[in-house]
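The sequence and the structure are shown below.

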Amino acid sequence: MGKLILTGVDGNMGGLAAQHLLEMASKEDLIFCGYNEQVLEKYAKQGVETRQVDFNVKEGLADKFADGDVLALISMPFVGEKRQMAHKAAVDAAKEAGVKKIVYTSLVNAGDATNPSVEKIDHAVTEDYIKESGLDYIFLRNSQYAEAMVTNYFTFADKGEDLSNSQGDGQMAYISRKDCAKAVAYALMAKDLHHETLNINGKDLMTMSDFVNVANEVTGNDIKYHAITDEENYQIFDAMGVPRTTEGKFEKDSAAPFSSDGMVTFAQAIREGKMNSHTDDFKKLTGDDPITVRYMFEHQEDFQVGERHSKDN
């Protein structure tokens with residue numbers, strides 16, 4: 001049997017998934033891939049085989065996946081045609097190398113053509129390409145990372161302002177990135193799951209008002225939620241120095257290390273009821289309940305969005 005390959009170990013979610021795998025699998029059965037040599041060296045010192053990869057360079061990419069049986073493809077953080085091409089290159093290389101199955105981190109409701117999220121487009125393209133490749137697959141359609149909204153809450157609270165965005169009364173089952181990473185590790189090791197699409201949702205389906213109310217109960221703050229228009233939402237991010245697309249310049253230590261096109265159209269999708277998936281697929285996969293939003297606020301230092309690690313914007 002071939003080895004288990006985890007990509008993106010130098011990113012936020014990939015790094016978390018790597019820690020789970022180190023606890024769950026034998027190091028001899030693992031291959032960790034990324035482009036940051038310092039991070040790879042850390043794992044190599046622990047006895048894990050590491051390979052430096054760049055999905056933007058097709059030449060020699062298949063060699064990086066040699067001896068692998070299942071590959072976890074952590075979706076790239078840049079958005080648009082470049083991401084689609086990078087994902088396709090990874091899928092082609094995996095097939096050429098003899099990989100049998102791909103675990104891909106996708107997005108809730110990625111297959112719905114009416115979902116307005118610009119992030120969704122790349123995920124739908126990648127899912128379709130993996131299916132067309134003939135490879136076995138597990139698609140992990142993740143809900144929105146709760147960490148993004150935890151950090152967002154404190155961005156407003158620390159300024160003494162009410163939280164404003166364009167999600168309206170739409171619902172989302174916010175899930176911790178830690179749980180999404182755990183799902184990757186379990187899916188990578190799952191021998192009895194084939195051609196599966198799993199919705200990796202949080203414990204509770206919540207509106208933004210619900211989210212803020214839980215945060216206030218834990219922190220003692222008394223801020224409110226205000227629904228605004230998409231254009232007003234863009235203006236907030238513009239004032240924060242957040243680029244509209246991932247081709248723009250990201251400021252170091254930004255409280256919103258994502259493009260505003262991604263975040264605003266994500267809010268629109270939530271408002272329009274396109275992201276309200278609420279299943280127990282996470283528990284079926286891992287055996288654990290998802291971490292609650294309340295717990296995340298009770299341990300807020302461990303559930304912040306963190307830095308952006310992409311070298312491709």
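Predicted model: local features only at pLDDT ≥ 70, side-chain atom pairs only at ≥ 80, totals over all residues.

**Two residues**

Asn-165 lies in strand β7, which covers residues 163–165, and its side chain makes a polar contact with the side chain of Tyr-225 at 2.7 Å. Leaving aside residues up to four places away in sequence, Asn-165 touches Met-149, Met-208, Tyr-225, His-226, Ala-227, Ile-228 and Asn-233. Val-305 is placed in the segment after α12 (293–298), and although Val-305 and Gly-15 are 290 residues apart along the chain, their C-alpha atoms are separated by 14 Å. Both residues fall under the 20% limit for relative accessible area and therefore count as buried, as the table sets out.

| Residue | Relative accessible area | Class |
|---|---|---|
| Asn-165 | 6% | buried |
| Val-305 | 5% | buried |

**Packing of α6 and α8**

Two packed helices are described by the angle between their axes and the distance between the axes. For helix α6 (residues 146–157) and helix α8 (residues 208–219), the angle is about 65° and the axes are 11 Å apart, while the crossing of α6 past α8 is right-handed. On the α6 side, Ala-146, Met-149, Val-150, Tyr-153 and Phe-154 take part, and they meet Met-208, Phe-211, Val-212, Ala-215, Asn-216 and Thr-219 of α8. Sorted by class, this contact has nine nonpolar residues and two polar ones, with no charged residues. Met-149 of α6 and Met-208 of α8, which belong to this contact, are also among the residues that Asn-165 touches.

Definitions and conventions: Residues numbered from 1 in each chain as written. Heavy atoms only, no water. Helix = DSSP H or I, 4+ residues; strand = E, 2+ residues; numbered from the N terminus. Buried < 20%, exposed > 50% of the residue type's maximum accessible area, 1.4 Å probe, protein only. Polar contact = N/O pair within 3.5 Å; in protein donor to acceptor, adjacent residues only side chain to side chain. Contact = heavy atoms within 4.5 Å. Axes fitted to C-alpha atoms, helices over the stretch in contact; angles between N-to-C directions. Left-handed = near helix turned anticlockwise from the far one by under 90°. Nonpolar A, V, L, I, M, F, W, Y, C, P; charged D, E, K, R; others polar.
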